[in-house]
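Subject: Structure handover

Hello,

Please find the structure below. My notes on it come after.

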Amino acid sequence: MADLKSNDIPLSVFDNVMQQFDEAAQRLNLDQGMIEFLKQPRRALIVKLPIRRDNGQLEVFTGYRVQHSINRGPAKGGVRYHPQVSLDEVMALAAWMTWKCAIVGIPFGGGKGGIKCDPTTMSPHELEHLTRRYTAEIMDIIGPEKDVPAPDVNTNPQVMAWMMDTFSMHARQTTTAVVTGKPIDIGGSLGRVEATGRGVMFSAREAARVKGILFEGATVAIQGFGNVGSMAAKLMYEQGCKIIAVSDVYGAIYCPDGINIHALMEHVANTRRVPGFPHCKELTHDELLSLECDILVPAALENVITSDNADSIKAKIIAEGANGPVTPNADRILDKNGVFVVPDILCNAGGVTVSYFEWVQDRMGYFWEEDDVNQRLERIMVKAFNDVYQMSQEHGATMRIAAFMLAIKRVLDVTLMRGVYS
Ligand code: NAD
């Protein structure tokens, strides 16, 4: 459920990111022209994708690629396949990528893509055709020095392999650095699959430290058990956290004594769903969000904590694995209630950080050991957390507004250095 504008029209996801930007920009005293330049997307491409389904019927899908900013380097951001994909959502996700890359200090701007489709109803053959046609349609604006896609909701290393191959066929040369999140054998990086979840684990651990909560034994509830949620769950479990609840799109499970995440991963590999895991009570999606716990990790989609349910949150820390799970109105309520929110643009930046490592390795043609990847990731995530925390302490701002302030300042600095070409 979305929050409402003053005229009772629901706030869109893009409205949310604009509000977050405005609140931070106000504190930085930017002039109006610069505000407009930094906050609006640089360009947006809408493409039609005609696909012959396996039953012989032609169906036309809509795809998007948005580049929010290329001031700090090529645009960078995932590609989402979902029935609710819209231009508004992709613009919001692209903007968050700009600020995320600046927070972890990697030389990228922000981009995002998506196709409005339901991949659960499509065969691998249809998904391959859809991916190849999409890549061919956005070919002019992507490339290792232009815009580098990666996986997001319902896309994975196989989809990235198809994108890389399609781009390479048109370019007449293998161009591995055009996408990240690829399979290891064709230029992927060790540690990429776990990277976003690992970054969430580091962020949650640092948040527990500043809040005086012992990470080992901390109780955790996780919404979403895909790439981000399952890896965050596994790595937090391996650090000694007690994962008491997990959900996916089909439902939620709860076990106050703690869930064995390795066994849950095996159950999900066999049954494709979280519910049905033995010795757990089943909960509704809403019940999971309002459980008494130390750390809540929303790792599914946007707008799950709104002004409707923010007051019911009992977690001490929210570590945002997903992009945009908390609306600006909900943020205000959580802040009033003393909930410490580690914002998405910091918390889930581990994925894009290791995507940067992958891009570097592809361009060098030299690949790193997994330990090397993980140690570099930890250093970057801990520094980013401390930079944002310090900003929040200095300015009496929430972690989200502090993260935006830091990121806007970094993008502004390079923009002024480059000058505005007008
Ligand atoms: P995914 O497709 O691998 O997994 C999504 C999970 O959410 C699935 O388990 C699905 O069942 C679950 N889900 C969907 N609707 C739900 C609901 N209403 N309640 C509970 N669970 C629900 O996607 P992902 O790559 O893990 O991405 C999840 C979030 O993390 C998205 O917001 C994405 O933008 C963000 N993110 C992903 C990456 C990445 O590297 N994959 C990086 C940064 C941020």
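Predicted model: local features only at pLDDT ≥ 70, side-chain atom pairs only at ≥ 80, totals over all residues.

Residues are numbered from 1 along each chain as its sequence is written, and side-chain values use heavy atoms, with hydrogens and water left out.

Helices (H or I, at least four residues) and strands (E, at least two) are DSSP runs, numbered from the N terminus.

Seven strands make up an open sheet with mixed pairing, in the order 9-8-7-6-10-11-12; two strands pair if DSSP finds at least two bridges between them. Strand 9 (281-283) and strand 12 (340-342) are at the edges with a single partner strand each, so one side of each has no neighbour in the sheet. Strand 6 (residues 219-223) and strand 10 (residues 295-298) run parallel and are joined by four bridges.

Helices 6 and 7. The axes (lines fitted to C-alpha atoms over the stretch in contact, with angles from 0 to 180 degrees between N-to-C directions) of helix 6 (residues 192-210) and helix 7 (residues 227-238) come within 7 Å and cross at roughly 55°. Helix 6 is therefore oblique to helix 7 (under 35 degrees counts as roughly parallel, over 145 as roughly antiparallel, 65 to 115 as roughly perpendicular, the rest as oblique).

Helices 13 and 14. The axes of helix 13 (residues 370-395) and helix 14 (residues 399-418) come within 8 Å and cross at roughly 105°. That makes the two helices roughly perpendicular.

Regards
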